[in-house]
Amino acid sequence: MFTVDLSEKDRWRKYNNVSPVVGIFKKIHPLNPDIEERINQSTFPVFFKKNKFIISPVDKNEHLFLIVKGVVRGFIKDEKTEITTWISKENEVVGTIRNLWLSGESEEYLQALEDVELIAIPHMLSEYLYENYTEANIVGRKMMELCYRSAEERAYLCRISSAEKRYKRFLVSFPDLINRVSLKYIASFLAIRLETLSRIRAKI
């Protein structure tokens, strides 16, 4: 899918010589130097232009991605209809959720909604850290707690019967996305027709 052609030193030059993944993990729990070194060696930056696919069903699921800059959405297809399942922004970790941690094909797509800057985190790195460092398991557990809370909020949004109430809940839960994401993707995420969403926005 993509390759790394930079030395570790050059790879992280613009990030103060350290993988941004280290900083995100250290906000959750202290890391020992061995973990930091392993992360610096194994993670790498990747860039995608707006509307490009980061992952599609033809790609192997081998990485998670830390969003350094930009917005990414996940979606699946029901025949010709795209169903947006999540939208994420800076400092969030994303991937093909339906087969998370499993190498192989997925029916999910990851798409850049802006020009995006990501740090690729190989699944093999995650597995190695889990197997060898207690700290990694603490970080992983706390990150999964955040992912679970986010998934619960999305599940709740989908079950609100009123389209207007769903949109109002979106404004509360994701206020920083409303001016960054196309209305057609927000409508897809909320399971609302674009015309209906436009009427709701005009009303409120």
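Modeller: The sheet is open and holds four strands in the order 2-7-4-5, paired in the antiparallel sense. Strands here are DSSP runs of E with at least two residues, helices are runs of H or I with at least four, and both are numbered from the N terminus; two strands pair if DSSP finds at least two bridges between them. The edges are strand 2 (53-55) and strand 5 (81-88), each with a single partner strand, so one side of each has no neighbour in the sheet. On average, neighbouring strands of this sheet are turned by 35° against each other, direction ignored, with axes being lines fitted to C-alpha atoms.

This is a predicted model, in which local features need pLDDT of at least 70 and side-chain atom pairs count only at pLDDT 80 or more, while totals for chains, interfaces and linings use all residues. Residues are numbered from 1 along each chain as its sequence is written, and side-chain values use heavy atoms, without hydrogens and water.

As for the whole, the protein chain has eight helices and eight strands. Its radius of gyration, 18 Å, is close to the 17 Å that the globule rule gives for 204 residues, so the chain is as compact as a globular protein of that length; the radius is taken over C-alpha atoms, and the rule is 2.2 Å times the number of residues to the power 0.38. Along the principal axes, the C-alpha atoms fill a box of roughly 55 × 30 × 30 Å.

Note on methods
Axes fitted to C-alpha atoms, helices over the stretch in contact; angles between N-to-C directions.
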